[in-house]
Each structure stands twice: as structure tokens, then as C-alpha cells.
Amino acid sequence: MLTRTQPPARDAKAPGTRLLVAGLATFAVALGGYVIYAVIHVQNFTLDPVDLAVYRSGGLIVRHVGPLYNPHLAAPLYDWTGYSSLHLPFTYTPFAAIVFAVVSFVPWGVATQLSVGVNIIALLAALWFTLGGLGYRKDRARVGATLLGAGAVFWTEPVLRTIYLGQVNLVLMALIIWDLSQPDNEKTRWWKGLATGIAAGIKLVPLIFIPYLLITRKFRQAGLACAGFAFTVLLGFVILPADAVKWWFGGLFAQSGRTGFVGWAGNQSLDGIITRLSGSIHAGKPAWIVAAILFGLAGAAAAALLDRKGHAMLGLLMAALTGLLVSPISWDHHWVWIAPAVVVAGHYAVRAWQQGAKRTAAAIVLWFGAWPAGLFGARPHLGHDSLGLIWIPRNTDPVNYIKYGERPWLAEYHWHGLALITGNAYILAGLVMFGVLLVISLLLPAPTKERDDEPGRSQPDQRGHLRLPAA
């Protein structure tokens, strides 16, 4: 049975020290292996930051730096022809481009290496904040657990893919967890929710946390999230009026196909799997709309139940998982939320739900692991770091989709047998986790009284202490 965080055990210095040593060793092995792998291979095995290049290009356009900036275009940011031979367009909000304008001041050679370091720090920060939300104090046990968790999830495909592409998923995830795991204190944490709204102003998927906050009756935090998001929209209209009009009123924000082929193997969302099973983007749309509404409502309600029953981090993860499922596009690297999921499962393994949570954490790591596709005879597109189960089946070369558009002969429309399982591995795992959390949210008993030491409700000096199970 799931149990809530208990009061601290003050005499746990030895377990805390052992955990710190184990964490340091695990993370050193994981990071050291990555460094060695990077050294003995050419750079595009571990780093091909095309997404970072798109970010930087958007920033340069905001700064009116040629030749990317073309003053003769009605909307210079969104009418831009795109990056590289793939013509990758800028698919983010005007506010995101304004943020990336700051990044564009960093020289490209420095920015590529800096993005690796920032992403690794963001991974550590996200797990540190997750443990804080679970009630752990700032001590050696929490440091050790953070490093141990980071070492366990470092070699998962979503994490490595985020680093490989120079994506911002880990940074946004850390920002959201930091924001929403703060204690509910109107005096000292009055700004809680604001950072989540700003994160949604960069990528729209975090908007899922607003209905989650509303259903959990955290109206002030939901209002601040809305205010943060509204600020990003307003700033976009002030600095980039023409582009903002095209993005918001021209409907670009709703054109999921603008980011690539919705049915591509890399899209691990309900829309992606329904498109692949339907055989065309158009045929799958009605079913996806119905599924998105049903999963969105059920997910937000379950997340709120988990929070109200004293399991705030489970509620937060359920909201994040719901966003991944119902979003039209959830690329493989968007699934970095498995990292805090592993830590939370490990927490409940330590607390009470021993064997079940241990197996859950291990299964997540293995299922999302960065298994070399070459082991299965697969030849992935988009570089050598396309690792993991979803890349085993044949998949569409993005160049072909750009050149010919959607065609019945695209590879994902002809998956059969094992390809349907491996090619949809992340979405299938997400559906299983969704079902488990939904059942848990319904079966957990309502708290008899609101405790002061619960995550999201406690003061920092009252939080729980990591307690290891007896040997």
C-alpha cells in the first residue's frame, strides 16, 4: 500500500553517508561512460544540436541579424525558410524566440558545449526538486538520492536525446517541478505557479498544469500560472507584433504538422499512435480528439485526487503524463519526465510499496533505456544517437516527408507484430502508467486530516528525512 511521508529519523547519518557514496559512484560511472563514449566517437554520435541551432536562429531573427532576418517578410520569424537542408522551421512561441535571443549572443562553438552542461545540471536539479517535493531535507541523503537517480536515468533515450539535440525539455521540467513542489504558503511562496506559466509560454504543453491546479482548488497558483503565461503572450505582441499575430491569430500554434510528420516514430503521443493505426493523419483526427478529451479530463481529475490525498508529487507526475498523452506532438525527448518518475517510484519502494515500486522503477529505466538500435539491426535516421526501442522498426526519413508529404507508403503505416509494440513503446508505457495512477488515485483513502509534513504543504524545516529499509 502507498503510505505518506513519515516524520524524520534523526539518527540516520550512516545510511545517509552510504547513500551519498552510492550516488556519487553511480553518477560518476554514468557520466564517465558518456564522456568516454563521446571521446572515442565522432561528435555526431553524441551531439548534433539541430534544435539548439533552430533556437539560436530564432534568436538571431529577433535581433534582426542577417542573413536569417529578412525585413521584406511579413512575419520574419515564421516565414523563415528554416534551418539546414531539412528546412526546420521555428515552431515555438514568439516569447520563446525572445528568450533565445539572449542565447544567440553566445558563440556557436561555446553554446553547443554549454548546452550539454546545462542539460546535465537541469537533470540533477529536477531530481533534487522532486525529492524536495517528496519531503526530504537538504542533507547528504538527498544529495546521494539525487545522484543515484540521475545515474540510473542518465542512459535513457529521452535524456540522451535531449542532450543530443540541444533541447530545453530538462530545463523546463526542472523549472516546473521547482515551482509546483514549493510549499503552499501565501506569505513566503506567493509566486507559486508563475514559473509554470512562463514555461508554458515557451512550450505550450505545460498549460496542462493550469486545469490541474484549478481542480486541486489551488486557485491562486492557477491564477499566477495564467498571469505568467499571459505575460509571455503580451511580451510577444510588444516585441514581435507581426509574428505574434501570425502565431496566435493565424493558427500556427495549432498546426502540429508544422513540426514534422505526426505519425513519425518519434511522436509518442495519442495522436501519433492513432495516426499510425489509422493509416493517415486525416483519418485519425476524430478519434484523437475524443481520446484527448477523455484522457485529459480523467488525467486532470486523477492528478487532483492524488494531490488532495497527500501525494502531491504523484499528482504532479500524473498531470505531466496527461500532457504527454494528449499533446498532438510528444517527441521522444519530451518523455524526460520518466526521470522524476523513477525517483518517485524509488521513494515509495523505500517507504512501503517495496517490491512493486522497485520493479516499476527498474522497468521504466529498461523500457526507456538507450539501447543501441544497431543491436537489433535497425538503421535509424537523424544521426547515430537515435537509440532505444522506438527506433527498432523501420521509420520514415524526415527528408522524404518534407519532399513528398504524407503518402500511404510511409513506413509507420505498415508496422506489424513486434514493430507495433517497440515503435509505440513510450506511448504504451505511458498508457500503463496512466492506468496504474488512475486506479491508485481512486483506491487511496482520503486523509483524515491535513498533515503539516505533506509535500506541497510543509515548511522546509518540517520535511521528511530519507529512511532506508532495513538490510
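## Contacts along the chain

Among contacts (heavy atoms within 4.5 Å) between residues at least 6 apart in sequence, 74% join residues at least 24 apart. This is a predicted model, in which local features need pLDDT of at least 70, side-chain atom pairs count only at pLDDT 80 or more, and totals for chains, interfaces and linings use all residues. Residues are numbered from 1 along each chain as its sequence is written, and side-chain values use heavy atoms, with hydrogens and water left out.

## Overall make-up and surface

The chain holds 19 helices and zero strands. Both are DSSP runs numbered from the N terminus: helices are H or I over at least four residues, and strands are E over at least two.

Of the 471 residues, 55% count as buried. Buried means under 20% relative accessible area, exposed means over 50%, and partly exposed lies in between, using a 1.4 Å probe and protein chains only. The chain exposes about 19900 Å², and carbon and sulfur atoms supply 68% of that area. These accessible areas come from the Shrake-Rupley method with a 1.4 Å probe; for residues, only the protein chains shown count as cover.

## Helix α4 and its partners

Let's look at α4 (residues 108-133), which packs against α6 (residues 157-165) at an angle of about 150°, with the axes 8 Å apart. Axes here are lines fitted to C-alpha atoms, for helices over the stretch in contact, and angles run from 0 to 180 degrees between N-to-C directions. The two helices α4 and α6 are therefore roughly antiparallel. The cut-offs are under 35 degrees for roughly parallel, over 145 for roughly antiparallel, 65 to 115 for roughly perpendicular, and oblique for the rest. On the α4 side the contact is made by Val116, Asn119, Ile120 and Leu123, and on the α6 side by Val159, Thr162 and Ile163. By class, these residues of the α4 and α6 contact are five nonpolar, two polar and no charged. Ala, Val, Leu, Ile, Met, Phe, Trp, Tyr, Cys and Pro count as nonpolar, Asp, Glu, Lys and Arg as charged, and the others, Gly among them, as polar.

Helix α4 also packs with α5 (residues 140-154), at about 130° and with axes 9 Å apart. That angle makes α4 and α5 oblique to each other, and their crossing is right-handed. The contact includes Leu124, Leu127 and Trp128 of α4 and Arg142, Val143 and Phe154 of α5. In total, the α4 and α5 contact has 13 nonpolar, three polar and one charged residues.

## Helices α3 and α10

The axes of α3 and α10 come within 8 Å and cross at roughly 75°, which means that α3 is roughly perpendicular to α10. Here Pro94, Phe95 and Ile98 of α3 meet Thr232, Leu235, Gly236 and Ile239 of α10. The residues of this contact divide into five nonpolar, two polar and no charged.

## Backbone details in the loops

The loop between α2 (50-62) and α3 (94-103) contains Pro67, and the peptide bond from Gly66 to Pro67 is cis, with omega near 5°. His64 lies in the loop between α2 and α3 as well. Although His64 is not a glycine, its phi is positive, about 60°. His64 is exposed, with a relative accessible area of 51%.

Arg217, in the loop between α9 (209-215) and α10 (219-239), is a residue other than glycine with a positive phi, near 65°. Arg217 is exposed too, at a relative accessible area of 56%.

Key: A crossing is left-handed if the near helix is turned anticlockwise from the far one by less than a right angle, and right-handed if clockwise.
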